Amino acid sequence: MGTDKRISRREALARMGRMVAGAAASSIGLPALTSCAEKPQKKRIILYFTATGNCLHAARQLVEAEEQLLSIPQMVKQNRYEFEADEIGLVYPIYGHMPPNMVRNFIKKAKLKAAYKFAVLTYGARKCDSVEIWNDISSKAGNKFDYITTLIMVDNWLPNFDMNEQIKIDKHIPENLRQITEDLSQRRHWHEPVSEEERQMHAGFMARSGLDPEVGFLKRSENYFVVTKNCIDCGACTDVCPRGNYEFTSNGIKMQGDCDFCFACIQNCPQKAIQFKKNDEDPLLANGERNPNARYRNEYISLVDIKRANRQ
């Protein structure tokens with residue numbers, strides 16, 4: 001016996017209606033019915049501070065889209081301090097085991113609304129009690145972090161390290177980044193442990209340097225840097241300084257202003273035209289710099305990247 005496959009006029013109209021509705025939903029980007037059971041992707045924002053690209057490179061490994069990366073100097077410039085996401089992270093370099101002054105002031109004003117907050121602190125030689133320092137500063141600001149860890153990278157502290165030697169050292173950055181990525185995927189709640197020896201090392205550094213622990217590094221750029229005759233007025237320094245301390249004048253490049261001592265200017269000058277001034281009174285710079293002819297920027301980060309992150 002044959003099967004009658006004819007359908008009624010009413011059923012035919014119903015089918016056509018469903019097809020038209022499906023096409024309309026697709027055209028405006030509405031999800032298909034089968035996607036209703038899928039979990040929405042977590043939104044993660046990472047705020048970063050970078051001078052030579054180490055932190056920007058690390059931050060890029062921890063997000064899937066560039067639009068989720070926000071430069072702290074740019075947020076300060078825009079007077080933007082309120083952020084909301086499923087997860088919010090900070091990536092910044094430690095200077096004297098402390099956050100850059102700009103990052104310190106930023107977190108005091110910031111309102112971070114997220115179910116999970118994490119911080120990755122980059123360093124080159126000694127991290128000491130940087131994790132505890134950040135936990136103390138952020139907690140007092142009402143922004144307590146669930147996860148705080150450190151990441152060793154190339155040390156760009158010119159007074160003590162030769163950049164040509166530093167870049168040859170394998171610091172297992174990819175492996176360490178993979179571990180951090182795994183921790184964050186599991187929303188691990190953890191603060192990297194700090195030993196008593198590390199606390200004492202930091203205390204000794206602060207005694208020698210004379211820095212204010214409530215301020216950290218905050219110098220005057222005109223007292224520590226000088227633009228030499230090698231300058232060709234390319235303007236790179238005017239774009240990479242997160243505080244906008246460099247400007248063109250009728251007499252060439254002039255610098256002036258509070259300085260985080262991030263070294264973005266001196267490290268990113270294409271002509272190596274920016275040098276340290278001789279400063280016998282500051283114990284940190286009494287011996288000048290290790291190799292004035294060696295400069296560093298993370299191999300995965302371009303000069304344009306630094307300009308975009310810091311331009312004021």
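This is a predicted model: local features need pLDDT of at least 70, side-chain atom pairs count only at pLDDT 80 or more; totals for chains, interfaces and linings use all residues.

Visitor: Let's start with strand E6, then. How many of its residues are buried?

Guide: Of the 8 residues in E6, 8 are buried, and the strand itself spans 116-123. Tyr116, Phe118, Val120 and Thr122 point one way from the strand, while Lys117, Ala119, Leu121 and Tyr123 point the other way. In general, side chains in a regular strand alternate between the two faces of the sheet.

Visitor: And which way do E4 and E6 run relative to each other, parallel or antiparallel?

Guide: E4 and E6 run parallel and are joined by 7 bridges, one of which has Pro93 partnered with Thr122 in E6. E6 also runs parallel to E7, in this case with 6 bridges between the two strands, and there Leu121 is found opposite Thr150 in E7.

Visitor: What do E6, H5 and E7 make together?

Guide: They make a β-α-β unit, and that unit is right-handed.

Visitor: Then which residues of H5 are buried?

Guide: In H5, which covers residues 130-140, the buried ones are Ser130, Val131, Ile133, Trp134, Asn135, Ile137 and Ser138. The elements that cover them include strands E4, E6, E7 and E8 together with helices H4 and H8. After H5 comes Gly142, with a positive phi near 80°.

Visitor: Switching to backbone angles, what is the phi of His97?

Guide: His97 has a positive phi of about 70°, although it is not a glycine, and its place is in the loop between E4 and H4. Most residues other than glycine have a negative phi. Cys128, in the loop between E6 and H5, also has a positive phi, near 45°.

Visitor: Why does Cys128 count as buried?

Guide: Cys128 counts as buried because its relative accessibility is 3%, and the cut-off for that class is under 20%. His97 is likewise buried, because its relative accessible area is 6%.

Visitor: One more topic: how much space lies in the largest pocket, and which residues lie nearest its centre?

Guide: The largest pocket holds about 610 Å³ of space, and among its 36 lining residues Ile94, Gly96, Asp155, Trp157 and Phe161 lie nearest the centre. By class, the lining has 21 nonpolar, 12 polar and 3 charged residues, and H2, E6 and H8 each supply at least two residues to it.

Notes: Residues are numbered from 1 along each chain as its sequence is written. Side-chain values use heavy atoms; hydrogens and water are left out. On a 1 Å grid over the protein atoms alone, a cavity is a set of points where a 1.4 Å probe fits but cannot get out, and a pocket is an open set with protein on both sides within 12 Å along at least five of seven lines; lining residues have an atom within 4 Å of a point. Grid points are joined across faces, edges and corners, and a volume is the space filled by probe spheres set on the points. Helices (H or I, at least four residues) and strands (E, at least two) are DSSP runs, numbered from the N terminus. Ala, Val, Leu, Ile, Met, Phe, Trp, Tyr, Cys and Pro count as nonpolar, Asp, Glu, Lys and Arg as charged, and the others, Gly among them, as polar. Buried means under 20% relative accessible area, exposed over 50%, partly exposed in between (1.4 Å probe, protein chains only). Contact means heavy atoms within 4.5 Å. Two strands pair if DSSP finds at least two bridges between them. A crossover is right-handed if, with the strands pointing away from the viewer, the path from the first strand over the helix to the second runs clockwise.
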